[in-house]
Amino acid sequence: EVLQNHVLEAKVFHTEYGTGVAILTGAHRFSLTTNIDDLKLRRMPEVPGLQKPPSCWAVLSQDRVTIILLAVGPDLYLLDNTSCSVVVSEPRQVSLLPQEKFCEFNSSIRSPPKQMVCTVPAQALLGCQGCGQGRWGSSLQWVQVMPQGWGSLSHIWFPPAPHTSAEASQDIFKIASMAPGALLLEAQKEYEKESQKADEYLREIKDQKLLPEAVSRCIEAAGYEHEPDTQKSLLRAASFGKCFIDKFPPESFVRMCQDLRVLNAIRDYQIGIPLTFTQYKRLTIEVLLDRLVLRRLYPLAIRICEYLRLSEIQGVSRILAHWACYKVQQKDKSDEEVAQAINQKLGDTPGISYSEIAARAYDCGRTELAIKLLEYEPRSGEQVPLLLKMKRSKLALSKAIESGDTDLVYTVVLHLKNELNRGTFFMTLQNQPVALSLYRQFCKHQERETLKDLYNQDDNHQELGNFHVHSSYS
């Protein structure tokens, strides 16, 4: 039906299942899915007599049930999984307006708002498209309306988004412009045509000693253009102008080329982040990378880091760590496959902590995967605490002994002492001579009576005799 009749309108909504989408088709039928990651489109019941799109409709979700509320003329309808019911059929009898006025706000703006959005509890966001001083369109206004006893009216001004055009672009592209940047752009175009006019334009700029300004304006204007062809044209003009300037600093030109490559990449329709140059600069590259990571666009984020030559800890390492933490949540592959895939991708990348990834796997209930990932962690000090948390104390003891870190061994031994009963604890130490030796040293200074028990268990009569002799002296 969707393929035949197309989609007239769609609304995105959020439930405990995830992000959902509801659509209205050309046949005036509604369908929805509550989770776009697990796409199961459910067709809603037909609205009787609906021959044209409803004047307005909304998706409501409560207690795991998703319904559609729509208005057709004076009537309100509710669509659930099984039926279509009329909510209001006689507006003269049942008033939709509140019987009690909670509060009133005068915006002093004469033009009507274009849209009102309500949220819970009893709040409204008013705004409209367009622009102009003293009109709703110059900003969005948040009017918070609450019943008596909850609070009072508040009105918050949302300032307009920063302008995406620049004075440099206006100077260059306005009709009959004689600005230095406009003349340089024309000179470069004429040069490509092998026309002598290129020299005339250049002389006019050079005579006024405005060539450095012309180059800078072309570079600046390129940042505010969205079409790559226009960007290239302005940058070619800047590059052309630089040839006639002694010691023009190249940093601004190189940086603009880098910024535009990044902006064009994220503006692609498959990515869909159409930032302006001003927004990109205010956002910073770190925040942009965070947004790409949260949308799981890991390859693009990594390519941007490599292109901008960001430090590995700031860039690639951080992104790969995010990717690995997401990877361990995928239940469709075995622990062995996931561990190998992560190690193959991450290898020995600086700044990567396999123990953090293993901790995420453990939190997801994949203990065996966490243990496999810890095998790749080169720092025993990072392995041992997580193994103890996972109650793999014996493995933690082995790792601590392998590390050669005495303090780490003591940490595990004392943890085992508190976790196991006395007999099991002594038997565990019997299989680990290094740990047993260290524990004996500890007991000599801290727990003399425990030392006697150790000698008794080992049938070590020589040391037991020495123990009694020393005890008699003390």
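Me: Against which elements do the buried residues of α10 pack?

Reply: They pack against α7 (251-267), α8 (277-283), α9 (285-294) and α11 (316-327), a contact being heavy atoms within 4.5 Å. The model is predicted, and local features need pLDDT of at least 70, side-chain atom pairs count only at pLDDT 80 or more, and totals for chains, interfaces and linings use all residues. Residues are numbered from 1 along each chain as its sequence is written, and side-chain values use heavy atoms, with hydrogens and water left out.

Me: Which residues of helix α10 are buried?

Reply: Within residues 298-308, the buried positions are Y298, L300, A301, I302, I304, C305 and L308. Just after α10, R309 adopts a positive phi of about 55°.

Me: What makes S31 buried or exposed?

Reply: S31 has a relative accessible area of 5%. Buried means under 20%, exposed over 50% and partly exposed in between, with a 1.4 Å probe and protein chains only; S31 is therefore buried. Its place is in strand β3. Leaving aside neighbours within four places in sequence, S31 is in contact with V21, A22, I23, L41, R42, R43 and M44. In the chain of 474 residues, 38% are buried.

Me: Which residue of β4 is the bridge partner of S31?

Reply: The partner is R43. Strand β3 (residues 30-33) and β4 are joined in the antiparallel sense by two bridges, and strands count as paired if DSSP finds at least two bridges between them. The pair therefore meets that criterion.

Me: Why do β1 and β4 stand at the edges of the sheet?

Reply: The open sheet has four strands in the order β1-β2-β3-β4, with antiparallel pairing. β1 (7-15) and β4 (42-43) each have a single partner strand, so one side of each is left without a neighbour in the sheet.

Me: How do you know that β5 and β6 form a hairpin?

Reply: Two residues lie between β5 and β6, and D63 in the turn has a positive phi of about 50°. Strand β5 (residues 56-62) runs antiparallel to strand β6 (residues 65-72), and seven bridges join them. C56 stands opposite A71 in β6.

Me: Why is α11 called roughly antiparallel to α12?

Reply: The axes of α11 and helix α12 (residues 335-346) cross at roughly 175° and come within 10 Å. Angles under 35 degrees count as roughly parallel, over 145 as roughly antiparallel, 65 to 115 as roughly perpendicular and the rest as oblique; α11 is therefore roughly antiparallel to α12. The contact is made by L320, W323, A324 and K327 of α11 together with V338, A341, I342, K345 and L346 of α12. These residues divide into seven nonpolar, no polar and two charged.

Me: How many helices and strands are in the chain?

Reply: The chain has 21 helices and twelve strands. These are DSSP runs, with helices (H or I) of at least four residues and strands (E) of at least two.

Definitions and conventions. Axes fitted to C-alpha atoms, helices over the stretch in contact; angles between N-to-C directions. Nonpolar A, V, L, I, M, F, W, Y, C, P; charged D, E, K, R; others polar.
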